Amino acid sequence: MTVLAVMEWVDRTGFGTALRESTWAVPAWGTIHLFALCGMLGGVLVLSLRLVGWAFTTQSSERISRSVAPLFWGGAGAVAVSGLVLLASGAVKNYYNPAFRWKMALLVPAFLLSIWMDRTARSDKPARWSGAVAVAMFLLWCLVAAAGRAIGFV
Amino acid sequence: MSLQVAFQWVNDSPFSTAVRESEYLFPLFNAVHVIGICTLLGTIAVFDLRLLGILFPDERASTVARNVLPVVWISFVVAGFSGFVLLASEAARAYTNPAFWWKMFLLLIAGVNPLIFHFTVFRRVKEWDSAAAIPWNARAAGAASLLLWTSILIAGRAMAYF
């Protein structure tokens, strides 16, 4: 079964149809998506700043990683759920949207680098280049957000 | 000159027209605005959740403030600057948009809230810095800030639907 077939099936389900036909569902889920993204990026940013050495320099990176974990994972979970709902609100349309494809492609390295950054922050000796990776990862998340915004424009 | 005339004048300026009519400028400033909002709300939430005793319970409130608030200010400048560009580009539309005026009203309150907090309860932060018992007014300021910024986000998103 191809991805396109799955998207076509999602569009045919009662859930997908209800989302498309509702006036408030997409605006509401879009707002939840943005709100959750704020939490997730807030967590990512604070840990990045610690690894670059611009914030919380008197605390260990392990301690900061543990402190921001609830915000990051809570935000990431809500971002994923609301993102799937938004995808289902126009599955085939999104499938053919180039901005959506860019977003998905950028999402993979951004997420993997975030996990790596968290792991190195919690190790006894964080990698020396973790600050550079943190900057790259944060820029990747910014591109994900920009691509997300672009979905509505293309 | 009435306010509406001023908004219309900004709307018709060459700069606003260029942003509005460009294929890339409006989406670009929109993306910058969203990124600014994410880091702004994300870092404000870190401090507010510390005031509520939910996040960073092991760090002093003043430590979290010192490390996080500079990022809040930078984000505020990014979101504010891009916001002004976006507003200028569709000033005439914004003037008649109820969601826009709600957003401005809520922004005003969101600005007053930390002012009150800073000049009252935060002055005595040394007394409750590492204490598990955060005073009720510090908790109230944190809760009010979270609620206000969430409402601002909703009003901002709603602008697109009016």
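**Close-up views of a predicted model**

**View 1. Chain B, read along its sequence, follows the pattern α-α-α-α-α-α-α-α.** Its secondary structure comes to eight helices and zero strands. Here helices (H or I, at least four residues) and strands (E, at least two) are DSSP runs, numbered from the N terminus. Taken along the principal axes, the C-alpha atoms of chain B fill a box of roughly 55 × 30 × 25 Å. Before moving in, please note that this is a predicted model, in which local features need pLDDT of at least 70 and side-chain atom pairs count only at pLDDT 80 or more, while totals for chains, interfaces and linings use all residues. Residues are numbered from 1 along each chain as its sequence is written, chains are lettered from A and ligands numbered from 1 in the order in which they are written, and side-chain values use heavy atoms, with hydrogens and water left out.

**View 2. In chain B, α3(B) and α4(B) cross at roughly 155 degrees.** Two packed helices are described by the angle between their axes and the distance between the axes. For this pair, the axes come within 8 Å. Axes are lines fitted to C-alpha atoms, for helices over the stretch in contact, and angles run from 0 to 180 degrees between N-to-C directions. The two helices α3(B) and α4(B) are therefore roughly antiparallel to each other; angles under 35 degrees count as roughly parallel, over 145 as roughly antiparallel, 65 to 115 as roughly perpendicular and the rest as oblique. Their crossing is left-handed, a term for a near helix turned anticlockwise from the far one by less than a right angle, with right-handed used if clockwise. Residues of the contact between α3(B) and α4(B) divide into 21 nonpolar, nine polar and one charged. In this grouping Ala, Val, Leu, Ile, Met, Phe, Trp, Tyr, Cys and Pro count as nonpolar, Asp, Glu, Lys and Arg as charged, and the others, Gly among them, as polar.

**View 3. Still in chain B, α6(B) and α8(B) pack at an angle of about 160 degrees, with their axes 9 Å apart.** That angle makes α6(B) roughly antiparallel to α8(B). The crossing in which α6(B) passes α8(B) is left-handed. Among the residues making the contact (heavy atoms within 4.5 Å), look for B:Trp102, B:Leu106, B:Ala110 and B:Phe117 of α6(B), and for B:Ala141, B:Leu148, B:Trp149 and B:Ile152 of α8(B). By class, the contact of α6(B) with α8(B) has 15 nonpolar, four polar and one charged residues.

**View 4. The second largest pocket has a volume of about 550 Å³.** Of the 21 residues that line this pocket, the closest to its centre are B:Leu69, B:Val72, B:Trp73, B:Ala110 and B:Pro114. Two or more lining residues come from each of α3 (25–51), α4 (61–89), α6 (98–119) and α8 (136–158) of chain B. The largest share, nine residues, belongs to α6(B). The lining holds 16 nonpolar, four polar and one charged residues. On a 1 Å grid over the protein atoms alone, a pocket is an open set of points with protein on both sides within 12 Å along at least five of seven lines, whereas a cavity is a set where a 1.4 Å probe fits but cannot get out; lining residues have an atom within 4 Å of a point. Grid points are joined across faces, edges and corners, and a volume is the space filled by probe spheres set on the points.

**View 5. Over in chain A, α3(A) and α6(A) cross at roughly 45 degrees, and their axes come within 11 Å.** This makes α3(A) oblique to α6(A). The crossing of α3(A) and α6(A) is left-handed. On one side you will find A:His33, A:Val44, A:Leu47, A:Ser48 and A:Leu51 in α3(A), meeting A:Lys103, A:Met117, A:Asp118 and A:Ala121 in α6(A). The residues of this contact divide into five nonpolar, two polar and two charged.

**View 6. About 110 Å³ of space lies in the largest cavity.** The structure holds one cavity of 30 Å³ or more. Residues lining the largest cavity include A:Gly43, A:Val44, A:Phe72, A:Trp73, A:Met117 and A:Asp118. At least two lining residues each are supplied by α3 (25–52), α4 (61–88) and α6 (98–122) of chain A. Which helix gives the most to this lining? The answer is α4(A), with five residues. By class, the lining has eight nonpolar, three polar and one charged residues.
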